[in-house]
Amino acid sequence: MIVLGIETSCDETGVGIVRRHADGTLELLADEVASSVEEHARFGGVVPEIASRAHLQAMAPTMRRALDTAGLELSTVDAIAVTAGPGLAGALMVGVAAAKAYSTASGKPLYGVNHLAGHVAADTIEHGPLPPRCLALLVSGGHSQLLLVEGLTEKITEIGATIDDAAGEAYDKVARILGLPYPGGPPIDKLAKQGNPRAIAFPRGLTGQRDAPFDFSFSGLKTAVARWVEKHEATGAEIPLADVAASFQEAVADVLTAKAIRAAREHEVDTMVISGGVAANSRLGELARERCAEAGITLRVPRPRLCTDNGAMIAALGAHVVASGAKPSPATLAADTSLPLVYGS
Amino acid sequence: MEAGVNTAVWTAELAEPEDTTALGRRLGALLGRGDLVLLSGPLGAGKTVLVKGIAEGLGVRGRVSSPTFVISRVHPGERATLVHVDAYRLGGDALELDDLDLDTDLEDAVVVIEWGEGFAERLAEDHLLVRIDRRPDDVREVSLTGLPHILKAL
């Protein structure tokens, strides 16, 4: 079975194609992404209308490249999947409208799926089917969540989420405080390698005894970094940028992994998936490997290219949804910024 | 919380994050359909914390968290819908509220815009501007201007 996936929930226009074999394994046939980040840089920031227009312009060429790479025509795929939510409303609408048009034109069934479940499904492209139960830590610019996954197409429960800023957002904002470029993840990661992660004891949000054990908070950490930098500037001392970056990164990676491990233990699962753009962070990966090994938990992290937004993960989730026997979405499918995690629920 | 008031400006010092939430709650109880609130202040001033309070005061649904990445979140409620916008990532001087692609009737909503000072004023003739500053001792100095009926009732 061959499924084509379309993703336009934020800045990336993605079209991916996978083949699902009878044993549940996936074969990646195409993974094409066009980004509007440069477009936004020209305007000095994101303009939702421009994001929507960029998706509109990139849609057909990206689709063409994906089909060419896979050596297929739309008539030879079995189904079309599209991100129906969550995301920027206008951006989602472009993908959903395009998918409906391609579906109508080709007569192929259409499946509107959840972006976050797609991030988890990305791992099945590289590492095969998930075990019956596992924990997923989703960390990106827009999301920080702990999900208990009991079947990608059956039951996904959010057991924790950020109560303020997403982890990737904290990176972007701390990068701005330190005078580093956007997006903040890669430059902070690089700078942190030359710094001492124990130089400054930045706060670990929501780790008190009475705090929600699986929710995250990165707003206080961001404020603590801003305050620390301001205090140092006031004394005229040079800011030890590498130490600030390393100590900040340590606080983020420490909280994310500690809560994920605790959630895995409490819910008695022995597999953890980490996905989303921040999954590419070197310290998060290192600490997760270390702590999962100690706890006897199998860690699965897709390669960085599959961690960021792409169409392949939507094709992957779509393929699992089709294989589950679920009915296609109706022709009235619309973008839904609060779409449930599990298809059809 | 120590508050001071004259006809045009309402000011207060907020020592704890809970004080910021409490002020938001009082504001939320006073705001109504069609009101526009602009929040300004540096990173970590407590803008999102204030919006959490406003949401509680308005009695709207859904968890309030930073909308920086998604630009805007819509929280439905009985009395009014809360539209929580974050202009941090937005660019372009010619930006209009229509460009946000909000799927909501703004006349029926309370619109709160973080980082909105400077571009969002033209969205409505009357608006409440909330400035929050973080002092070195971590106390927040807050000043409110605009919408006199709200300032009077605070």
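This is a predicted model: local features need pLDDT of at least 70, side-chain atom pairs count only at pLDDT 80 or more; totals for chains, interfaces and linings use all residues.
**Entry 1: A:Glu73 and A:Arg64**

At 43% relative accessibility, A:Glu73 counts as partly exposed. Its side chain meets that of A:Arg64 in a salt bridge, with 3.2 Å from N to O. I then checked A:Arg64, which is partly exposed at 37% relative accessibility.

**Entry 2: other salt bridges**

How many salt bridges does the structure hold over all chains? I noted 26. Side chains of opposite charge can pair when their charged atoms come close.

I took A:Arg305 and A:Asp31 next; the closest N and O atoms of this salt bridge are 3.2 Å apart. A:Arg305 lies in helix α10 (residues 304-307) of chain A and A:Asp31 in strand β3 of chain A, so the pair ties together parts that are 274 residues apart in sequence. Are the two partners buried or exposed? A:Arg305 is partly exposed at 38% relative accessibility, whereas A:Asp31 is buried, with a relative accessible area of 16%. The cut-off I applied for buried is under 20%.

I also looked at B:Arg134 and A:Glu230, whose side chains meet in a salt bridge of 3.2 Å, N to O. This pair crosses between chains: B:Arg134 belongs to strand β7 of chain B, and A:Glu230 to helix α7 (residues 219-234) of chain A. B:Arg134 is buried with a relative accessible area of 11%; A:Glu230 is partly exposed at 37%.

Within chain B I recorded a network of salt bridges that links B:Glu13, B:Arg135, B:Asp137 and B:Glu141.

**Entry 3: strand β7 of chain B**

B:Arg134 sent me to its strand, β7 of chain B. Why is β7(B) largely enclosed by the rest of the structure? Five of the seven residues of this strand (residues 128-134) are buried, so the rest of the structure largely encloses β7(B).

I followed its pairing. Strand β3 (residues 36-40) of chain B runs parallel to β7(B), and four bridges join the two. There, B:Val37 stands opposite B:Leu128. With strand β8 (residues 140-145) of chain B, β7(B) pairs in the antiparallel sense over six bridges. B:Ile132 has B:Val142 as its bridge partner in β8(B). β7(B) and β8(B) form a hairpin with five residues between them, and in the turn B:Asp138 has a positive phi of about 80°.

**Entry 4: the five-stranded sheet of chain A**

I traced an open sheet of five strands in chain A and wrote down the order β3-β2-β1-β4-β5, with mixed pairing. Which are the edge strands? They are β3 (26-35) and β5 (110-114) of chain A, each pairing on one side only. Neighbouring strands of this sheet are turned by 20° against each other on average, direction ignored.

A:Leu4 has A:Ile80 in β4(A) as its bridge partner. I then looked for helices against the sheet. Helix α3 (residues 89-106) of chain A packs on the sheet and touches β1, β4 and β5 of chain A; its direction makes about 160° with that of β4(A). Helix α11 (residues 311-323) of chain A lies across β1, β2 (12-20), β3, β4 and β5 of chain A and runs at about 40° to β2(A).

**Entry 5: aromatic rings**

I counted three aromatic pairs over all chains. A:Tyr171 is buried at 2% relative accessibility, and A:Phe248 is buried at 0%.

A:Phe216 and A:Phe218 have ring centres 6.0 Å apart and planes at 15°, so this pair is stacked. Both are buried: A:Phe216 has a relative accessible area of 0% and A:Phe218 has 1% relative accessibility.

In chain B I found the charged end of B:Lys47 over the ring of B:Trp115, 4.1 Å from its centre.

**Entry 6: A:Ile159**

Last, I looked up A:Ile159 in strand β8 (residues 156-161) of chain A. A:Ile159 counts as buried, at 19% relative accessibility. Leaving aside neighbours within four places in sequence, its contacts are A:Leu135, A:Leu146, A:Leu148, A:Phe214, A:Ala263 and A:His267.

Conventions. Residues are numbered from 1 along each chain as its sequence is written. Chains are lettered from A and ligands numbered from 1 in the order in which they are written. Side-chain values use heavy atoms; hydrogens and water are left out. Two strands pair if DSSP finds at least two bridges between them. Axes are lines fitted to C-alpha atoms, for helices over the stretch in contact, and angles run from 0 to 180 degrees between N-to-C directions. Contact means heavy atoms within 4.5 Å. Buried means under 20% relative accessible area, exposed over 50%, partly exposed in between (1.4 Å probe, protein chains only). Rings of Phe, Tyr and Trp (its six-membered ring) pair if their centres lie within 6.5 Å; planes under 30 degrees apart count as stacked, over 60 as edge-to-face and the rest as tilted. A charge sits over a ring if NZ of Lys or CZ of Arg is within 6 Å of the ring centre and within 35 degrees of the ring normal. A salt bridge is a side-chain nitrogen of Lys or Arg within 4 Å of a carboxyl oxygen of Asp or Glu.
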